Amino acid sequence: MSKHLTLTDRAIIEKHIAQDMSFAYIARCLNRSATTISREVKNHRCFVNGVRYTSNDCVHYRTCLRRNLCSTETKYSCFSRCKTCTEYSCHDFCHDYISLHCPLLDKPPYVCTCCPKEKTCQRNHAYYTAHRAHAECVKQLSSTRKGIRTSPEHLMELNDILTPLIAKGQSINHIFASHADEIGLSEKTIYNYIDMNAFQVRNIDLPKKVRYRQRHPHDVVMKMDYQYRKGRSYTDFTSFMEQNPKLPIWEMDTVKGARGSHKVLLTMILRDTNFMLIFLLPDGTQKSVLAVFDKLTMLLGIETFRKIFPVILTDNGVEFKGSHHLEFTENGARRTRVFYCDPQASWQKGRVEKNHVLIRQILPKGTSFRLLEDTDIHLITCHVNSVVRELFENQTPFDLMQKEEHQKLLKTLALFPIPADEVCLKPKLLKRKK
């Protein structure tokens, strides 16, 4: 049972009050205490018909014409009506005085709903309305929960935890994966506190705080279907996966550096685990991509390569158009199947596109790849795959690579996880190494 009354509960209270039922009866219907119902009605009733902007609360105030009620004044010495007198209160002298406040409203049911004198009574009327009461309660709950409700000492402890880790480029979600017990608050609360400038951390320091636009799928019309896409379109991909739903899918793309920098990064991500492989290419040509495939085939063996990379989905970049050479080895043995997204539909391989954000935190746009080496890319790969993923219940991609062939891949490429507090997604990662 909810701690707070719902709109339905309040509607039942309003209905039973109109039927002149007791608070005890209403409490039994809602499985609540009679005190709860009494407090609810008394706190959220609304008053009508008796608003006064003066201290005089007599029901006859508007029509009263009495003068000279007090014995100290005569009809010749006092020229104002008694109701407007500022020296004496006419309540003390007038026998017709009736207060706007009804004493019956101090007793259950605290409202005038079933009162027999309701239509003729000139005093303040009180009523209980479910929708008004619910709106007041929701507003009150919202206002009481606003602001910082944590002690200054705890805020300083949180600041000491968050500031150095965010300075390394770690996200709030990643920090929570290893420090949730120490923080003792929710992620939403931490974001709210950052908005309120409760820490040294500011929104601009967070690696990613953006609101993604909702993407609406749309049909893509091609002027012509090129030869390399025959049997490898996105429609062919969906049909193939319907027949083979258990096969793992890799998404492939490239990341380019500053203009004039010939080196590019080849990225591949496994949808099941979000594990990303990153390779440094001397240029963005088909030959360079094919060299990576041939090297992996040689290191892993063609059987293991088939198990790890059975299906690859990529875009229509010129570096990926050698589909036949990617799918088959030099002696004609099939090692994978390559499919292509529709033109201008990068959302069809959204995993790899989204994870490029992590790479761009280390290598921002405009960074030249000219001085990058394979050891730099190896380090970036280890740190990127050590970031916890909320999608996988705060596990890292390394944690999810448990299959035998996956372990062989990690061992072959010498990839290893980074401790949570040492993960760094800032450009200083490579500077620190050097």
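Good morning. Of the 434 residues in the protein, 40% are buried. Please keep in mind throughout that the structure shown here is a predicted model.

I shall begin with the overall form. The C-alpha trace extends over about 125 × 50 × 45 Å along its principal axes. The radius of gyration is 37 Å, whereas a compact globule of 434 residues would have a value near 22 Å. As for the surface, the accessible area comes to about 25,800 Å², and carbon and sulfur atoms account for 52% of that area.

The secondary structure consists of 16 helices and 7 strands. Turning to contacts between residues at least 6 apart in sequence, 66% of them join residues at least 24 apart.

How do the axes of α1 and α3 cross? Helix α1 covers residues 7-18 and helix α3 covers residues 34-44; their axes come within 12 Å and cross at roughly 85°. An angle of 65 to 115 degrees counts as roughly perpendicular, and α1 is therefore roughly perpendicular to α3. On the α1 side, the residues that meet α3 are Arg10, Ile13 and Ile17; on the α3 side, they are Ile37, Glu40 and Val41. By class, this contact holds 4 nonpolar residues, 2 charged residues and no polar ones.

Is histidine 174 buried or exposed? Its relative accessible area is 1%, and the cut-off for a buried residue is under 20%, so histidine 174 is buried. Which residues are in contact with histidine 174, once its neighbours within four places in sequence are left aside? They are Ser386, Val387, Val388, Ala420 and Val423.

The second residue is phenylalanine 199, found in the loop between α7 (187-195) and α8 (234-243). Phenylalanine 199 has a relative accessible area of 3% and, by the cut-off of under 20%, is therefore buried as well. Not counting residues up to four places away in sequence, phenylalanine 199 touches Leu155, Leu158, Asn159, Leu162, Ile190, Tyr193 and Ile194.

Thank you for your attention.

Definitions and conventions: Residues numbered from 1 in each chain as written. Predicted model: local features only at pLDDT ≥ 70, side-chain atom pairs only at ≥ 80, totals over all residues. Heavy atoms only, no water. Axes fitted to C-alpha atoms, helices over the stretch in contact; angles between N-to-C directions. Helix = DSSP H or I, 4+ residues; strand = E, 2+ residues; numbered from the N terminus. Parallel < 35°, antiparallel > 145°, perpendicular 65-115°, else oblique. Contact = heavy atoms within 4.5 Å. Nonpolar A, V, L, I, M, F, W, Y, C, P; charged D, E, K, R; others polar. Rg over C-alpha atoms; globule rule 2.2 N^0.38 Å. Buried < 20%, exposed > 50% of the residue type's maximum accessible area, 1.4 Å probe, protein only. Areas by Shrake-Rupley, 256 points an atom, 1.4 Å probe, with all protein chains shown as cover.
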